[in-house]
Amino acid sequence: MTKALDGIKIIDMTHVQAGPACTQMLGFFGADVIKVELPGAGDVTRGWLRDIEGKDSLYFTMFNGNKRSITLNTKTPDGKEILEKLIKSADILVENFAPGAMDRMGFSWERIHNELNPRLIMASVKGYAEGHANESYKVFENVAQCSGGAAATTGFWDGPPLVSGAALGDSNSGMHLCIGILAALQQRHNTGKGQKVAVAMQEAVLNLARIKLRDQQRLELTGRLDEYPHGELGIPLGDSTPRGGNAGGGGQPGWMLKCKGAWDGSDPDDYVYFTLQANAWDKICTRINKPEWVTDPEYNTFEARRDKQLKIFAYVESLLKNMDKHEVTKWAAEYDIPCGPVMSMKELAYDPSLRKLKTIVEVEHKDRGGKYLTISSPIKFSGMDIDVRPAPLLGEHTDEVLKELGYSDADITRIRGNKAL
Ligand SMILES: CC(C)(COP(=O)(O)OP(=O)(O)OC[C@H]1O[C@@H](n2cnc3c(N)ncnc32)[C@H](O)[C@@H]1OP(=O)(O)O)[C@@H](O)C(=O)NCCC(=O)NCCS
């Protein structure tokens with residue numbers, strides 16, 4: 001079966017997570033992704049939080065599947081020549097170095113576009129956008145969660161800002177970049193020209209915090225945020241979108257409710273998220289044995305429930321002492337109530353459905369001595385199968401790629417002697 005990006009060649013000058021997540025996804029879609037790494041070192045994550053002494057870490061292997069790796073010092077004369085040849089032969093270059101690093105290396109966008117390959121798409125992730133007051137700053141995941149509005153709006157009103165366990169700064173920026181690259185590829189079909197595609201981590205986070213900017217405007221316009229628990233608790237909202245704890249952000253009130261294991265202390269993840277969807281109110285009342293609330297004007301509208309949501313959730317929670325989260329989910333689903341279990345990482349790792357769907361996959365690695373778990377594409381296609389291949393060893397494909405560029409064995413030996421590989 002063919003792949004969507006068959007024949008597309010990508011120079012992958014990425015490291016850590018944001019860039020690698022993007023190029024791995026393009027590799028899943030069939031692109032030939034050639035990861036360019038510093039000789040002797042490689043992507044810094046190869047050595048981060050190692051679980052096996054001296055072997056590539058899970059950080060590296062889980063973000064660099066479906067790629068080839070070459071070592072190349074792009075600051076040496078040979079390295080520059082090879083990178084030029086790569087650029088002339090490629091469709092896309094992806095990088096997430098610190099601001100200005102590509103220019104310092106001698107490969108500015110202007111040079112790449114005007115002198116080397118006008119069809120090439122150059123895609124970059126930076127912490128802040130070009131033209132932003134902080135454009136020169138280096139940024140990692142949690143810094144971006146702070147700069148993009150996620151941290152200030154996550155957590156409880158009486159606690160500090162919180163960062164999410166999901167990589168809203170890194171992988172999310174990589175996914176935004178992936179979308180931009182695919183759009184630029186399509187535009188190239190029409191114009192024949194490549195373009196620069198840029199994603200700022202701050203903006204990728206902000207894009208996911210859109211609903212919180214909605215709330216900022218509602219707050220300024222009306223002074224109210226009815227789905228937040230503040231009114232019921234008598235806590236002032238302040239003048240900026242507050243942290244809402246587990247309140248539902250989308251417009252349907254919701255809360256995290258303890259189930260059996262959390263009640264008796266045997267399972268810290270035994271919780272469900274329970275939603276008071278307005279148009280499911282009648283069914284909710286029946287399910288929770290409060291049929292009188294269907295017609296009671298103190299309860300039967302969103303406005304009436306506004307100042308007693310937490311009390312309603314506490315009542316529902318009191319019904320869950322003898323059911324685990326999966327039983328509660330089924331119990332709620334029988335009445336079409338949107339409700340779901342808090343899945344632990346252990347449960348997800350072994351979840352039979354995710355294994356069957358090939359979303360969680362086991363990959364054999366030639367140097368780690370066994371298989372590791374990784375996540376395949378969450379996007380499924382009817383006309384393309386996704387095969388997950390193991391992450392490459394450092395420089396595993398250097399000779400192969402250089403030969404494809406026309407270098408002979410003798411050339412490669414000479415260049416290696418010059419410490420460019
Ligand atoms: C992630 C980040 C903070 C890491 O910073 P860092 O470890 O100091 O790494 P840098 O990106 O500054 O790169 C280090 C140097 O290695 C050089 N280098 C990397 N690969 C090289 C290669 N193959 N050959 C020669 N030099 C290379 C770079 O050119 C750079 O040199 P310079 O400082 O002279 O320009 C920074 O890259 C960054 O802010 N990136 C943009 C945002 C981002 O993606 N954040 C992380 C998301 S996971």
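Reader: How far does the side chain of Thr-329 reach to get to the backbone oxygen of Lys-325?

Author: Ground rules first: this is a predicted model, where local features need pLDDT of at least 70 and side-chain atom pairs count only at pLDDT 80 or more, while totals for chains, interfaces and linings use all residues. Residues are numbered from 1 along each chain as its sequence is written, and side-chain values use heavy atoms, leaving out hydrogens and water. A polar contact here is a pair of N or O atoms within 3.5 Å; within protein, one must be able to donate a hydrogen and the other to accept it, and residues adjacent in sequence count only if both atoms are side-chain atoms. The Thr-329 side chain gets to the backbone oxygen of Lys-325 at 2.7 Å.

Reader: Is Thr-329 buried or exposed?

Author: Buried means under 20% relative accessible area, exposed over 50%, and partly exposed in between (1.4 Å probe, protein chains only). Thr-329 comes out at 17% relative accessibility, so it counts as buried.

Reader: Which residues does Thr-329 touch, not counting those up to four places away in sequence?

Author: Contact means heavy atoms within 4.5 Å. On that basis, and skipping residues up to four places away, Thr-329 touches Val-272, Cys-339, Gly-340 and Pro-341.

Reader: Which helix holds Thr-329, and at what angle does that helix run to E9?

Author: Helices (H or I, at least four residues) and strands (E, at least two) are DSSP runs, numbered from the N terminus. Thr-329 sits in helix H15. Axes are lines fitted to C-alpha atoms, for helices over the stretch in contact, with angles from 0 to 180 degrees between N-to-C directions. H15 (residues 325-333) lies across E8 and E9, and its angle to E9 is about 160°.

Reader: Which strands stand at the edges of the open three-stranded sheet, and why is one side of each left without a neighbour?

Author: Two strands pair if DSSP finds at least two bridges between them. The order is E7-E8-E9, with antiparallel pairing. Each edge strand has a single partner, so one side of it has no neighbour in the sheet; the two are E7 (254-258) and E9 (339-341).

Reader: On to charges: how many salt bridges does a search of the whole structure find?

Author: A salt bridge is a side-chain nitrogen of Lys or Arg within 4 Å of a carboxyl oxygen of Asp or Glu. Searching the whole structure turns up 33.

Reader: How many residues apart in sequence are the parts that Glu-84 and Arg-111 tie together?

Author: Glu-84 and Arg-111 form a salt bridge, with the closest N and O atoms 2.7 Å apart. Glu-84 belongs to helix H3 (residues 77-89) and Arg-111 to helix H5 (residues 109-116), so the parts they tie together are separated in sequence by 27 residues.
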